[in-house]
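Reader: I would like to learn how to read a few local features in a model. Could we take them one at a time?

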Amino acid sequence: MTDITINAAFDSGNIEVLAVSGATATLAIRKDKDSDFFQWFHFRVAGAAGRELVLKITGLAASAYPGGWTNYNAAVSEDREFWGRAPSSYDAAEAGGTLTIRYVPQGSLAWFAYFAPYSMERHHDLIAAMALEEGVEHRELGYSLDGQPIDCLELGEGAKQVWLYARQHPGESMAEWWMEGALGCLTDPADPVGRKLRRLCRFHVVPNANPDGSCRGHLRTNAAGVNLNREWASPSADKSPEVLCILQAMDQTGVDFAMDVHGDEAIPHVFLAGFEGIPAWSEGQQAGFDRYKTILARRTPDFQTRHGYPVAGPGRANLTMSTNQLAQRFGCTSMTLEMPFKDNDDLPCPAQGWSPERSVQLGRDCMAALLEWLEG
């Protein structure tokens, strides 16, 4: 029986092969560069020939979020277009915490990932397509440590300054799928929501704030091992130029509404986190955030308000995080959107769990909620 081969030498690839025997492999996830964070994996298996693959990813008790492995099923694709889920199980007592993935591919090739990847090639395709849409302007806000551009798409002629940005944490690829939905709504001439929003707002959209981490196969950091969502109080050119150039652009335009798009490893729900606890907190500012949550919960059953993060007490907000920093700095309504890596327990989908398709739809739903919020 021939051994399968496993490879991750591609955009966003990440795995280390410890042992292979036939169709069984023992694997480990490579840490983010200069960091102890690890959780993202993305690799290709060849030579399966219809056999059941048994893939054991070990050492996961030391991963960034060990609670993310319970009730989690790995993403899998054979055509790299449709991403389903492969039955997976987690044993905290095996080899320092082991996720066992079992899957029988139809052909000889299969790709596995922590979530459906959003490659840098697809990112450039998105930027190219959107930049050609009527009324859309593209600009490079700056460059990453590896020299990649921080792309920003701008559109709309309204007075409200709206910033949408994603993938500060590069392994949270659902965030850029969300961007496809939001941008699709905003640029579709037949979509009345997008048309009205363009009249009311000037949008500044950064689909990928961390291209280096995305390409390198990182979970949470950039090329210097820095968590960008802890840099917003004092970003620097040598550690976090990505945040520095975005924040400088925000200072130029001002911010009335901001959404930072993420994924959560452990919580099987879609939810929003706000800015409670900032020194400049006000009842009116809080009311704006609470009203947006109410609108979104009414518009889509994929969103809920019962589960989420603990709320910071008065004066205890972490101002190094973008949502808190922007609410404090601009007095705006600012929020972090979180989507699950697992399934959404409020509306489960056994075939795909939370998926690219649902992320895209949520992007559209969030834009519809924004319009209602503005008109309210």
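**A helix residue and its contacts**

Author: Start with contact, meaning heavy atoms within 4.5 Å. Not counting residues up to four places away in sequence, Ala 297 touches Phe 303 and Thr 305. Ala 297 sits in helix 6 (residues 283–299). Helices (H or I, at least four residues) and strands (E, at least two) are DSSP runs, numbered from the N terminus.

Reader: What should I know about the source?

Author: This is a predicted model, where local features need pLDDT of at least 70 and side-chain atom pairs count only at pLDDT 80 or more, while totals for chains, interfaces and linings use all residues. Residues are numbered from 1 along each chain as its sequence is written, and side-chain values use heavy atoms, with hydrogens and water left out.

Reader: How is Ala 297 classed by accessibility?

Author: Buried means under 20% relative accessible area, exposed over 50%, partly exposed in between (1.4 Å probe, protein chains only). Ala 297 has 31% relative accessibility, so it counts as partly exposed.

Reader: Which residues of helix 1 are buried?

Author: First the general idea. An α-helix has 3.6 residues a turn, so residues three or four places apart point the same way. In helix 1, the buried residues are Met 120, His 123, Leu 126, Ile 127 and Met 130. They cover an arc of only 110° around the axis, which puts them on the same side of helix 1. The arc is that of the directions from the helix axis to the C-beta atoms. Exposed Glu 121 and Asp 125 are on the face turned away from the buried side.

Reader: What covers the buried residues of helix 1?

Author: The cover includes strand 11 (137–143), strand 12 (149–155), helix 2 (174–187) and helix 4 (211–216).

Reader: Which side chain of opposite charge is nearest to Glu 231?

Author: Lys and Arg count as positive, Asp and Glu as negative; His and the chain ends are not counted. A salt bridge needs a side-chain nitrogen of Lys or Arg within 4 Å of a carboxyl oxygen of Asp or Glu. Glu 231 is buried yet has no salt bridge; the nearest side chain of opposite charge is Lys 239, 4.0 Å away. Glu 231 lies in the loop between helix 4 and helix 5 (241–253). Its contacts, leaving out residues up to four places away in sequence, are Val 226, Lys 239, Ser 240, Val 243 and Thr 320.

Reader: What is the phi of Ala 49?

Author: Most residues other than glycine have a negative phi. Ala 49 has a positive phi of about 50°. Ala 49 lies in the loop between strand 4 (42–46) and strand 5 (53–58).
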